[in-house]
Amino acid sequence: MNIHFKAIGKILTPFNTLEGMPIQSAAAKNVEGTIELNPLYVEGMKDLDGFSHLILIYYFHKVHEYSLQVVPFLDDQPHGIFATRFPKRPNPIGFSVVRLKSIEGNHIHVLDVDVLNETPLLDIKPYVPMFDAIETSKIGWFEKRIENVDKVDKVKADKSIY
């Protein structure tokens, strides 16, 4: 089955290349970005300013192939793609939780951005802790590496992502 999406806008960030780009929004503290929403969708932003955080769902537009096993940024061992957040996915869709700074017309200013400049935006959802911050008891291989997320402050140049 083929599924078609259309971008509702684009995410503008300071990252034109992978070098120096944080690997997760948790490691992108205070990095500013702007969502340039297609003016057709401005009406859909009603009440968005009542939220402190947003979930951005986007298309990894530079990924042209996928791998079922990858060596993710936080590890040096291969893992199945579905056990990682690595971009080279069968459906190259990513998400980030960002802080809402302000809204001006069709521009949404956000903080903690961890994506390439001009990444196509597929959807915006409000972040609601009661729904989205579920307490867990297992985080797989991340358990031994999670403390390094802010130490890996950039995408490693030796990773073949795009």
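The model is predicted, so local features need pLDDT of at least 70 and side-chain atom pairs count only at pLDDT 80 or more, while totals for chains, interfaces and linings use all residues. Residues are numbered from 1 along each chain as its sequence is written, and side-chain values use heavy atoms, with hydrogens and water left out. There are 6 salt bridges and 1 aromatic pair to keep in mind as you read.

- Asp-112 sits in the loop between strand S7 (107-111) and strand S8 (119-126); strands are DSSP runs of E with at least two residues, helices are runs of H or I with at least four, and both are numbered from the N terminus.
- Asp-112 is buried, because its relative accessibility is 6%; buried means under 20% relative accessible area, exposed means over 50%, and partly exposed is in between, with a 1.4 Å probe and protein chains only.
- The side chain of Asp-112 has a polar contact with the side chain of Arg-99 at 2.8 Å. A polar contact is a pair of N or O atoms within 3.5 Å; within protein, one must be able to donate a hydrogen and the other to accept it, and residues adjacent in sequence count only if both atoms are side-chain atoms.
- A polar atom of the Asp-112 side chain also lies 2.7 Å from the backbone nitrogen of Asn-30.
- Leaving aside residues up to four places away in sequence, Asp-112 touches Ser-25, Ala-28, Lys-29, Asn-30, Val-31, Val-97, Val-98 and Arg-99, where contact means heavy atoms within 4.5 Å.

**Positive phi values**

- Asp-112 has a phi near 75 degrees, a positive value in a residue other than glycine.
- Asp-47, found in the loop between S2 and S3, has a positive phi near 75 degrees too.
- For background, most residues other than glycine have a negative phi.

**Salt bridges**

- A salt bridge here is a side-chain nitrogen of Lys or Arg within 4 Å of a carboxyl oxygen of Asp or Glu.
- Lys-10 pairs with Glu-36, with the closest N and O atoms 3.9 Å apart. This pair links distant parts of the chain, as Lys-10 is in strand S1 (residues 9-12) and Glu-36 in strand S2 (residues 32-37), 26 residues apart.
- Lys-10 is partly exposed, with a relative accessible area of 28%, and Glu-36 is partly exposed at 28% relative accessibility.
- Glu-32 and Lys-101 form another salt bridge, their closest N and O atoms being 3.2 Å apart. Here Glu-32 in strand S2 is linked to Lys-101 in strand S6, 69 residues apart.
- Glu-32 counts as partly exposed at 47% relative accessibility, and Lys-101 is partly exposed with a relative accessible area of 48%.
- The side chains of Glu-65 and Lys-88 also meet in a salt bridge, at 3.2 Å from N to O. Glu-65 lies in the loop between strand S3 (53-59) and strand S4 (69-70) and Lys-88 in the loop between strand S5 (79-80) and S6, so the pair ties together parts 23 residues apart in sequence.
- Glu-65 is exposed, with a relative accessible area of 53%, whereas Lys-88 is buried at 6% relative accessibility.

**The aromatic pair**

- Tyr-58 and Phe-60 have ring centres 5.6 Å apart and planes at 85 degrees, so the pair is edge-to-face. Rings of Phe, Tyr and Trp (its six-membered ring) pair if their centres lie within 6.5 Å; planes under 30 degrees apart count as stacked, over 60 as edge-to-face and the rest as tilted.
- Tyr-58 is buried at 3% relative accessibility, and Phe-60 is buried with a relative accessible area of 13%.

**Ile-55 in strand S3**

- Ile-55 lies in strand S3 and counts as buried, because its relative accessibility is 13%.
- Ile-55 and Lys-125 are 70 residues apart in sequence, yet 5.0 Å apart in space, C-alpha to C-alpha.
- Beyond residues up to four places away in sequence, the contacts of Ile-55 include Phe-95, Ser-96, Val-97, Lys-125 and Asp-132.
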